[in-house]
Amino acid sequence: MRKWCLVAVVTMAFASGESRLSAQKQQQVFISLTAPDGSPVTGLQASDVGVTEDDVNCKIVKVEPISWPTKLQVLVDNGKATTNPINPLRDGLKALFDQMPDGVEMSLYTTAGTPRPIVKPTTDKQKLLDGIGLIASDGGAGMFFDALSEAAGRIDKDKVPGFPVIVMVGSDTAKVRVLDQEFNKLQQIIIDHGVTTHVIVMTSGTSLGTQAEIGLTVTKLSGGRYEGITAPTRLTTLLTELGKRIADSQARQSHQYRITYERPANPKAQPSIGAVVKREGAVQLSLRGNLP
(Lines give C-alpha, C1' and ligand atoms only; values in the text may rest on other atoms or scores of the structure.)
Protein backbone atom coordinates (compact mmCIF):
# COMPACT_ATOMS: atom_id res chain seq x y z
CA MET A 1 0.00 0.00 0.00
CA ARG A 2 1.43 3.34 -1.02
CA LYS A 3 1.79 6.19 1.43
CA TRP A 4 0.59 9.75 1.03
CA CYS A 5 3.47 12.20 1.32
CA LEU A 6 2.50 15.61 2.62
CA VAL A 7 4.21 18.53 0.92
CA ALA A 8 4.82 21.59 3.07
CA VAL A 9 2.46 24.50 2.47
CA VAL A 10 4.11 27.48 0.79
CA THR A 11 2.93 31.06 0.42
CA MET A 12 3.30 32.91 -2.84
CA ALA A 13 5.07 36.21 -2.37
CA PHE A 14 4.95 38.38 -5.46
CA ALA A 15 5.97 42.03 -5.69
CA SER A 16 4.42 44.08 -8.49
CA GLY A 17 3.08 40.89 -10.05
CA GLU A 18 0.43 40.30 -7.35
CA SER A 19 -2.50 41.70 -9.32
CA ARG A 20 -1.46 39.70 -12.38
CA LEU A 21 -1.31 36.52 -10.31
CA SER A 22 -4.76 37.03 -8.76
CA ALA A 23 -6.26 37.36 -12.25
CA GLN A 24 -4.94 33.99 -13.43
CA LYS A 25 -7.42 31.12 -13.63
CA GLN A 26 -4.70 28.49 -13.64
CA GLN A 27 -1.48 28.23 -11.66
CA GLN A 28 1.62 26.04 -11.87
CA VAL A 29 3.76 24.59 -9.11
CA PHE A 30 6.71 22.23 -9.25
CA ILE A 31 7.17 19.00 -7.31
CA SER A 32 10.49 17.25 -6.83
CA LEU A 33 9.99 13.65 -5.74
CA THR A 34 12.64 11.07 -4.85
CA ALA A 35 12.11 7.50 -3.71
CA PRO A 36 13.39 6.30 -0.30
CA ASP A 37 16.58 5.04 -1.99
CA GLY A 38 17.25 8.52 -3.39
CA SER A 39 16.35 7.75 -7.00
CA PRO A 40 13.94 10.06 -8.86
CA VAL A 41 10.31 8.89 -9.03
CA THR A 42 8.99 8.38 -12.55
CA GLY A 43 5.51 8.03 -13.97
CA LEU A 44 3.71 10.46 -11.67
CA GLN A 45 0.07 10.85 -12.78
CA ALA A 46 -2.60 13.47 -12.08
CA SER A 47 -4.39 10.93 -9.88
CA ASP A 48 -1.27 10.76 -7.67
CA VAL A 49 -1.33 14.47 -6.83
CA GLY A 50 -3.59 16.69 -4.77
CA VAL A 51 -3.22 20.49 -4.60
CA THR A 52 -4.95 22.92 -2.27
CA GLU A 53 -5.01 26.70 -2.42
CA ASP A 54 -6.08 28.38 0.80
CA ASP A 55 -7.48 24.99 1.93
CA VAL A 56 -9.62 24.60 -1.22
CA ASN A 57 -9.08 21.40 -3.20
CA CYS A 58 -8.11 22.25 -6.77
CA LYS A 59 -8.64 20.36 -10.03
CA ILE A 60 -5.39 19.04 -11.52
CA VAL A 61 -5.19 20.00 -15.19
CA LYS A 62 -1.82 18.57 -16.18
CA VAL A 63 1.22 16.79 -14.74
CA GLU A 64 4.37 17.16 -16.86
CA PRO A 65 7.84 15.72 -16.20
CA ILE A 66 10.55 18.31 -16.79
CA SER A 67 14.32 18.13 -16.94
CA TRP A 68 15.57 21.67 -17.42
CA PRO A 69 19.24 22.65 -17.37
CA THR A 70 20.85 24.86 -14.77
CA LYS A 71 22.21 28.10 -16.27
CA LEU A 72 24.93 29.71 -14.18
CA GLN A 73 26.29 33.25 -14.58
CA VAL A 74 29.33 34.20 -12.49
CA LEU A 75 29.99 37.93 -12.10
CA VAL A 76 33.39 38.90 -10.71
CA ASP A 77 34.51 42.31 -9.48
CA ASN A 78 38.13 42.28 -10.64
CA GLY A 79 39.00 45.53 -8.89
CA LYS A 80 41.82 45.76 -6.35
CA ALA A 81 39.63 44.84 -3.37
CA THR A 82 39.07 41.29 -4.63
CA THR A 83 42.30 40.70 -6.58
CA ASN A 84 44.98 41.63 -4.07
CA PRO A 85 46.02 38.83 -3.93
CA ILE A 86 44.30 37.33 -6.99
CA ASN A 87 45.05 33.63 -6.40
CA PRO A 88 42.24 33.04 -3.84
CA LEU A 89 39.73 34.34 -6.39
CA ARG A 90 41.12 32.19 -9.18
CA ASP A 91 41.35 29.10 -6.97
CA GLY A 92 37.78 29.61 -5.77
CA LEU A 93 36.43 29.99 -9.30
CA LYS A 94 38.24 26.83 -10.38
CA ALA A 95 36.72 24.90 -7.48
CA LEU A 96 33.26 26.28 -8.29
CA PHE A 97 33.39 25.31 -11.97
CA ASP A 98 35.03 21.94 -11.26
CA GLN A 99 31.99 20.90 -9.20
CA MET A 100 29.43 21.66 -11.89
CA PRO A 101 27.89 18.52 -13.42
CA ASP A 102 27.87 17.96 -17.17
CA GLY A 103 25.16 19.88 -18.97
CA VAL A 104 25.24 23.00 -16.78
CA GLU A 105 25.44 26.11 -18.95
CA MET A 106 28.02 28.50 -17.48
CA SER A 107 29.35 31.96 -18.26
CA LEU A 108 31.91 34.28 -16.66
CA TYR A 109 31.90 38.09 -16.56
CA THR A 110 34.11 40.74 -14.98
CA THR A 111 32.55 43.94 -13.63
CA ALA A 112 35.35 46.44 -12.92
CA GLY A 113 35.12 49.49 -15.15
CA THR A 114 32.50 48.04 -17.51
CA PRO A 115 30.84 44.61 -17.22
CA ARG A 116 32.15 42.40 -19.99
CA PRO A 117 32.13 38.68 -20.84
CA ILE A 118 35.23 36.58 -20.31
CA VAL A 119 33.50 33.35 -21.36
CA LYS A 120 30.07 33.47 -22.98
CA PRO A 121 27.44 30.82 -22.13
CA THR A 122 28.79 27.32 -22.75
CA THR A 123 28.55 23.78 -21.41
CA ASP A 124 32.27 23.28 -22.09
CA LYS A 125 33.76 23.35 -18.58
CA GLN A 126 37.32 23.60 -19.91
CA LYS A 127 36.52 26.94 -21.56
CA LEU A 128 35.50 28.30 -18.17
CA LEU A 129 38.63 26.97 -16.49
CA ASP A 130 40.79 28.50 -19.23
CA GLY A 131 38.92 31.80 -18.87
CA ILE A 132 39.86 32.14 -15.21
CA GLY A 133 43.44 32.92 -16.20
CA LEU A 134 42.18 35.86 -18.29
CA ILE A 135 40.89 37.67 -15.21
CA ALA A 136 43.33 40.45 -14.32
CA SER A 137 43.26 43.17 -11.69
CA ASP A 138 41.61 46.37 -12.88
CA GLY A 139 41.90 49.82 -11.35
CA GLY A 140 38.27 50.66 -12.07
CA ALA A 141 35.36 50.28 -9.65
CA GLY A 142 33.20 47.19 -9.90
CA MET A 143 29.84 47.96 -11.49
CA PHE A 144 27.89 46.02 -8.90
CA PHE A 145 24.28 46.84 -9.72
CA ASP A 146 24.86 47.28 -13.45
CA ALA A 147 26.34 43.78 -13.67
CA LEU A 148 23.44 42.26 -11.70
CA SER A 149 20.92 44.14 -13.82
CA GLU A 150 22.53 43.01 -17.07
CA ALA A 151 22.63 39.40 -15.87
CA ALA A 152 18.92 39.59 -15.02
CA GLY A 153 18.22 41.11 -18.42
CA ARG A 154 19.91 38.19 -20.16
CA ILE A 155 17.74 35.79 -18.17
CA ASP A 156 14.60 37.76 -19.02
CA LYS A 157 15.37 37.53 -22.76
CA ASP A 158 16.18 33.81 -22.69
CA LYS A 159 13.24 31.86 -24.12
CA VAL A 160 14.67 28.39 -23.41
CA PRO A 161 13.45 27.00 -20.05
CA GLY A 162 16.08 26.52 -17.38
CA PHE A 163 16.98 27.14 -13.77
CA PRO A 164 18.97 30.41 -13.72
CA VAL A 165 21.61 31.02 -11.07
CA ILE A 166 23.72 34.14 -10.51
CA VAL A 167 26.87 34.19 -8.41
CA MET A 168 28.12 37.72 -7.73
CA VAL A 169 31.56 38.42 -6.27
CA GLY A 170 31.52 42.14 -5.52
CA SER A 171 32.90 44.84 -3.27
CA ASP A 172 31.75 48.09 -1.68
CA THR A 173 34.68 50.17 -2.94
CA ALA A 174 32.50 52.43 -5.09
CA LYS A 175 29.29 54.31 -4.37
CA VAL A 176 26.19 52.93 -6.03
CA ARG A 177 23.09 54.94 -6.84
CA VAL A 178 20.12 52.84 -7.90
CA LEU A 179 16.71 54.15 -8.90
CA ASP A 180 13.76 52.42 -7.25
CA GLN A 181 12.30 51.57 -10.65
CA GLU A 182 15.49 49.77 -11.69
CA PHE A 183 15.74 47.85 -8.43
CA ASN A 184 12.07 46.84 -8.61
CA LYS A 185 12.63 45.55 -12.13
CA LEU A 186 15.59 43.44 -10.97
CA GLN A 187 13.53 41.95 -8.15
CA GLN A 188 10.60 41.20 -10.43
CA ILE A 189 12.82 39.30 -12.87
CA ILE A 190 14.21 37.26 -9.98
CA ILE A 191 10.66 36.38 -8.92
CA ASP A 192 9.25 35.73 -12.40
CA HIS A 193 12.11 33.47 -13.51
CA GLY A 194 12.96 31.84 -10.19
CA VAL A 195 16.53 33.15 -10.25
CA THR A 196 18.67 31.83 -7.41
CA THR A 197 21.15 34.58 -6.53
CA HIS A 198 24.26 34.18 -4.36
CA VAL A 199 26.23 37.30 -3.42
CA ILE A 200 29.65 37.80 -1.83
CA VAL A 201 30.62 41.38 -0.95
CA MET A 202 34.11 42.45 0.04
CA THR A 203 33.44 45.08 2.71
CA SER A 204 35.78 47.85 3.75
CA GLY A 205 33.98 48.99 6.91
CA THR A 206 31.64 47.90 9.66
CA SER A 207 28.49 49.55 8.27
CA LEU A 208 26.48 48.08 5.41
CA GLY A 209 26.98 49.81 2.08
CA THR A 210 24.48 49.92 -0.77
CA GLN A 211 26.04 46.84 -2.38
CA ALA A 212 25.53 44.83 0.80
CA GLU A 213 21.95 46.02 1.13
CA ILE A 214 21.22 45.02 -2.48
CA GLY A 215 22.94 41.68 -1.96
CA LEU A 216 20.98 40.92 1.19
CA THR A 217 17.70 41.80 -0.52
CA VAL A 218 18.16 39.71 -3.65
CA THR A 219 19.55 36.67 -1.83
CA LYS A 220 16.70 36.66 0.67
CA LEU A 221 14.19 37.07 -2.16
CA SER A 222 15.67 34.20 -4.17
CA GLY A 223 16.66 31.78 -1.41
CA GLY A 224 20.35 32.31 -2.13
CA ARG A 225 23.31 32.95 0.16
CA TYR A 226 24.84 36.29 1.15
CA GLU A 227 28.31 36.65 2.65
CA GLY A 228 30.12 39.84 3.63
CA ILE A 229 33.88 39.34 3.97
CA THR A 230 36.87 41.55 4.73
CA ALA A 231 39.73 39.56 3.18
CA PRO A 232 40.03 38.12 -0.36
CA THR A 233 41.69 34.99 1.04
CA ARG A 234 38.18 33.87 2.12
CA LEU A 235 37.06 33.69 -1.51
CA THR A 236 38.57 30.26 -2.12
CA THR A 237 36.52 28.47 0.52
CA LEU A 238 33.35 30.49 -0.09
CA LEU A 239 33.28 29.83 -3.83
CA THR A 240 34.02 26.16 -3.18
CA GLU A 241 31.03 26.00 -0.82
CA LEU A 242 28.78 27.74 -3.35
CA GLY A 243 29.89 25.31 -6.05
CA LYS A 244 28.79 22.36 -3.93
CA ARG A 245 25.51 24.02 -3.08
CA ILE A 246 24.72 24.75 -6.74
CA ALA A 247 25.69 21.22 -7.79
CA ASP A 248 23.43 19.75 -5.08
CA SER A 249 20.56 22.00 -6.22
CA GLN A 250 21.09 20.94 -9.83
CA ALA A 251 20.77 17.28 -8.85
CA ARG A 252 17.46 17.93 -7.06
CA GLN A 253 16.10 20.21 -9.78
CA SER A 254 16.91 17.96 -12.71
CA HIS A 255 13.96 15.58 -12.15
CA GLN A 256 10.73 17.41 -11.37
CA TYR A 257 7.07 17.58 -12.31
CA ARG A 258 5.23 20.73 -13.30
CA ILE A 259 1.68 20.64 -11.94
CA THR A 260 -0.98 22.84 -13.56
CA TYR A 261 -4.19 23.27 -11.59
CA GLU A 262 -7.36 25.35 -11.66
CA ARG A 263 -7.44 28.07 -9.02
CA PRO A 264 -10.43 28.65 -6.73
CA ALA A 265 -12.94 31.38 -7.44
CA ASN A 266 -11.83 34.84 -6.24
CA PRO A 267 -8.26 33.74 -5.44
CA LYS A 268 -6.04 35.78 -3.17
CA ALA A 269 -2.98 37.61 -4.49
CA GLN A 270 -0.76 35.80 -1.96
CA PRO A 271 -2.32 32.37 -1.46
CA SER A 272 -1.09 29.47 0.63
CA ILE A 273 -0.55 26.41 -1.54
CA GLY A 274 -0.23 22.85 -0.31
CA ALA A 275 0.06 19.47 -1.98
CA VAL A 276 0.06 15.76 -1.26
CA VAL A 277 1.60 13.07 -3.45
CA LYS A 278 0.40 9.47 -3.51
CA ARG A 279 3.92 8.08 -3.64
CA GLU A 280 6.39 7.16 -0.95
CA GLY A 281 9.55 9.25 -0.72
CA ALA A 282 10.88 12.75 -0.15
CA VAL A 283 8.94 15.63 -1.68
CA GLN A 284 9.70 19.30 -2.27
CA LEU A 285 7.24 21.88 -3.52
CA SER A 286 8.29 25.10 -5.22
CA LEU A 287 6.71 27.86 -7.26
CA ARG A 288 9.32 28.13 -10.02
CA GLY A 289 11.15 24.82 -9.78
CA ASN A 290 14.31 26.35 -8.35
CA LEU A 291 15.50 24.54 -5.23
CA PRO A 292 18.29 26.70 -3.70
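Which residue in β12 does I31 stand opposite? The residue opposite I31 is Y257. This is a predicted model, in which local features need pLDDT of at least 70 and side-chain atom pairs count only at pLDDT 80 or more, while totals for chains, interfaces and linings use all residues. Residues are numbered from 1 along each chain as its sequence is written, and side-chain values use heavy atoms, without hydrogens and water.

Strands β2 (residues 26-34) and β12 (residues 256-262) run antiparallel and are joined by seven bridges. Strands here are DSSP runs of E with at least two residues, numbered from the N terminus, and two strands pair if DSSP finds at least two bridges between them. Both belong to an open four-stranded sheet with antiparallel pairing and the order β5-β12-β2-β14. β5 (60-66) and β14 (282-286) each have a single partner strand, so one side of each edge strand lacks a neighbour in the sheet.

There are nine salt bridges, defined as a side-chain nitrogen of Lys or Arg within 4 Å of a carboxyl oxygen of Asp or Glu. Three of them are listed here.

| Salt bridge | Closest N and O atoms |
|---|---|
| D48 and R279 | 3.5 Å |
| R263 and E53 | 2.6 Å |
| R234 and E241 | 3.9 Å |

D48 and R279 are both buried, meaning under 20% relative accessible area, with exposed over 50% and partly exposed in between (1.4 Å probe, protein chains only). R234, at 30% relative accessibility, counts as partly exposed. R234 and E241 also belong to a salt-bridge network with R225 and E227.
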